[in-house]
Amino acid sequence: MNSTSLSLIERLQQGSDQICWNQLLGVYKPLIWGWLRRHNTPLQDAEDLTQEVLAIVVRELPKFQHNGNKGAFRAWLRGITANRLRVYWRSNRDRTPTDWQMFADQLEDTSSELAQEWDRQHDSFLLRKLLDQMEEEFEPKTVKAFRRVALDGVKAEQVAAETGMSVVAV
């Protein structure tokens with residue numbers, strides 16, 4: 001799962017379906033918070049910044065334009081996060097302007113290592129969330145077979161032997 005569901009974004013843009021908002025927040029709140037913490041944002045500031053980013057997402061999502069670009073939502077979210085970081089660091093006297101400016105600029109630059117790290121972590125996080133949901137709806141053996149083939153790259157014949165399933169079922 002490399003992208004946010006377009007149908008989810010479209011439903012959110014059309015109205016305030018609380019279930020959809022909860023779904024979006026359930027994925028992106030821990031993702032943003034975790035990313036900020038991994039990059040040395042103090043705990044309370046990470047919580048505040050996460051709330052600020054999500055408030056902007058809620059407010060601005062009706063205007064968001066996907067335009068068929070892969071990763072458009074992810075890039076949009078990364079840009080919002082970079083801008084909130086700029087505001088945070090401007091008000092934080094412990095950082096030099098060069099530090100925060102370079103960090104925020106790299107986060108917004110799609111070709112930078114920092115932006116690519118964000119994208120990898122985004123994709124990995126969404127995949128884990130999807131697998132967690134899948135585990136609730138499928139038998140453990142089916143989930144194991146999926147993980148082995150789709151994530152580990154093991155051939156269906158080997159997974160069939162491991163799980164006792166037919167190759168066709170795998």
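Author: Welcome! Let's start with a definition: buried means under 20% relative accessible area, exposed means over 50%, and partly exposed lies in between (1.4 Å probe, protein chains only). This is a predicted model, where local features need pLDDT of at least 70, side-chain atom pairs count only at pLDDT 80 or more, and totals for chains, interfaces and linings use all residues. Residues are numbered from 1 along each chain as its sequence is written, and side-chain values use heavy atoms, with hydrogens and water left out.

Reader: Why is Glu-135 called partly exposed?

Author: Its relative accessible area is 38%, a value between the limits of 20% and 50%, so Glu-135 counts as partly exposed.

Reader: What makes Glu-135 and Arg-147 a salt bridge?

Author: A salt bridge is a side-chain nitrogen of Lys or Arg within 4 Å of a carboxyl oxygen of Asp or Glu. Here the N to O distance is 2.6 Å, so the pair meets that cut-off. Glu-135 sits in helix α6 and Arg-147 in helix α7 (residues 140-151), 12 residues apart. Helices are DSSP runs (H or I, at least four residues), numbered from the N terminus.

Reader: How do you know that Arg-74 is buried?

Author: Arg-74 has a relative accessible area of 11%, which is under 20%, so the word buried applies. Its salt-bridge partner is Asp-123, with the closest N and O atoms 2.5 Å apart. Arg-74 lies in helix α4 (residues 72-90) and Asp-123 in helix α6 (residues 113-137), so the pair ties together parts that are 49 residues apart in sequence. Asp-123 is buried too, at 19%.

Reader: Which residues are linked with Arg-74 in a network of salt bridges?

Author: The network links Arg-74 with Arg-78, Asp-119 and Asp-123. In total, the structure holds 12 salt bridges.

Reader: Why is Thr-41 called buried?

Author: Thr-41 has a relative accessibility of 1%; this is under 20%, so Thr-41 counts as buried. You will find Thr-41 in the loop between α2 (18-38) and α3 (43-60).

Reader: What does Thr-41 touch, not counting residues up to four places away in sequence?

Author: Thr-41 touches Leu-36, Ala-46 and Leu-49, where contact means heavy atoms within 4.5 Å. The side chain of Thr-41 also reaches the backbone oxygen of Leu-36 at 3.0 Å.

Reader: How far apart are the C-alpha atoms of Thr-41 and Leu-130?

Author: They are separated by 27 Å, and the two residues are 89 residues apart along the chain.

Notes:
Helix = DSSP H or I, 4+ residues; strand = E, 2+ residues; numbered from the N terminus. Polar contact = N/O pair within 3.5 Å; in protein donor to acceptor, adjacent residues only side chain to side chain.
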